[in-house]
Amino acid sequence: ENTGNATAYNLTLTEQLPDGFSKAKGSRFPPAINPELAAGASQELYYALKAVDTGSFNIEPAVVNYGSKSNKSNPITITVSEPVREKSNLTVSITFDKTKAETGDMIKCMVKITNTGKAQAKSVLVEGNPPSGIEITEGDFRQVYESINPGEEKEYSVVLKPEEAGNYSIQLRTVYNDNPNGMVSNSESIIVAR
């Protein structure tokens, strides 16, 4: 901004590329400045930089030369942090239509997988086997999903038939891109009498 009462001539701008940054594609750096500025007039110059390192970086003052004079802008500090990588987070719920049964009864087991994270879960594998004493009569605990979006739910069911009395629970393991080691989910207990 020219706060004086005469036109400033032969303006040049000195702007240093700060450490931790590179020139942004499609943006001119340093920006072009008009060679003269009338009294009371101002120029706004815009440019973009690309952060290439993390840390705190001092942006040195821009220097405007005009005639035999010069003036500096204020210095600023910019802090660049690591980009936040959004992750998926799957929760698995295992429920039954009844938790007390007798041998030979049919028990429906419902499995619900929910993505409570902020990114898509990919290459999802759910697997498990019924405990000894219970057999599967319909369906399969092993399920594969190409992806599950944030907030999305997938459900499936398996029909079980207990052949021996006892207390049983179902354990499933879920593996996906953000949890390659897998997570284990346990159901509530089923009490089976003769």
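This note goes through the salt bridges, sheets and core of a predicted model.

1. Basis. The model is predicted: local features need pLDDT of at least 70, side-chain atom pairs count only at pLDDT 80 or more, and totals for chains, interfaces and linings use all residues. Residues are numbered from 1 along each chain as its sequence is written, and side-chain values use heavy atoms, with hydrogens and water left out.

2. Salt bridges. The structure holds 3 salt bridges. A salt bridge here is a side-chain nitrogen of Lys or Arg within 4 Å of a carboxyl oxygen of Asp or Glu. Strands, which the elements below are, are DSSP runs of E with at least two residues, and helices are runs of H or I with at least four, numbered from the N terminus.

3. D178 and R85. These two side chains form a salt bridge, with the closest N and O atoms 2.9 Å apart. D178 sits in the loop between β16 (171-176) and β17 (179-186), and R85 in the loop between β7 (76-80) and β8 (90-96), so the pair ties together parts that are 93 residues apart in sequence. Buried means under 20% relative accessible area, exposed over 50%, and partly exposed in between, with a 1.4 Å probe and protein chains only. D178 is buried, at 18%, whereas R85 is exposed, at 53%.

4. Other contacts of D178. What else does the side chain of D178 join in a polar contact of 2.7 Å? The partner is the side chain of S88. The D178 to R85 pair is also a polar contact between side chains, at 2.9 Å. A polar contact is a pair of N or O atoms within 3.5 Å; within protein, one must be able to donate a hydrogen and the other to accept it, and residues adjacent in sequence count only if both atoms are side-chain atoms. Not counting residues up to four places away in sequence, D178 touches R85, K87 and S88, where contact means heavy atoms within 4.5 Å.

5. E127 and R173. The closest N and O atoms of this salt bridge are 3.4 Å apart. E127 belongs to strand β11 (residues 121-127) and R173 to strand β16, so the pair ties together parts that are 46 residues apart in sequence. E127 is partly exposed, with 27% relative accessibility, and R173 is partly exposed, with 34%.

6. K154 and E152. The side chains of K154 and E152 meet in a salt bridge of 3.2 Å, N to O. K154 is partly exposed at 23%, and E152 is partly exposed at 24%.

7. The sheet of 4 strands. An open sheet runs in the order β13-β11-β16-β17, with antiparallel pairing. Its edge strands are β13 (143-148) and β17, each of which pairs on one side only. Neighbouring strands of this sheet are turned by 20° against each other on average, direction ignored. For angles, axes are lines fitted to C-alpha atoms, for helices over the stretch in contact, and angles run from 0 to 180 degrees between N-to-C directions. Two strands pair if DSSP finds at least two bridges between them; β11 and β16 are antiparallel and joined by 3 bridges. L125 has V175 in β16 as its bridge partner.

8. The sheet of 3 strands. A further open sheet has the order β1-β5-β6 and antiparallel pairing. Here the edge strands are β1 (12-14) and β6 (69-72), and the twist averages 20° from one strand to the next. β1 pairs with strand β5 (residues 63-66) over 3 bridges in the antiparallel sense. T12 stands opposite N65 in β5.

9. The core. The largest nonpolar core has 26 residues, and those with the most contacts inside it include V111, I113, V124, F141, Y156, L160 and L172. Two or more residues come from each of β8, β10 (107-115), β11, β13, β14 (153-162), β16 and β18 (190-193). A nonpolar core is a set of buried Ala, Val, Leu, Ile, Met, Phe, Trp, Tyr and Cys residues joined through side-chain atoms within 4.5 Å.

10. Y156 and Y145. Leaving aside neighbours within four places in sequence, Y156 is in contact with residues including V111, I113, F141, Y145 and L172. Y145 is in strand β13 and is buried, with a relative accessible area of 13%. With neighbours within four places again left aside, the contacts of Y145 are I113, S123, V124, K154, E155 and Y156. Y145 and Y176 are 31 residues apart in sequence and 9.4 Å apart in space, C-alpha to C-alpha.
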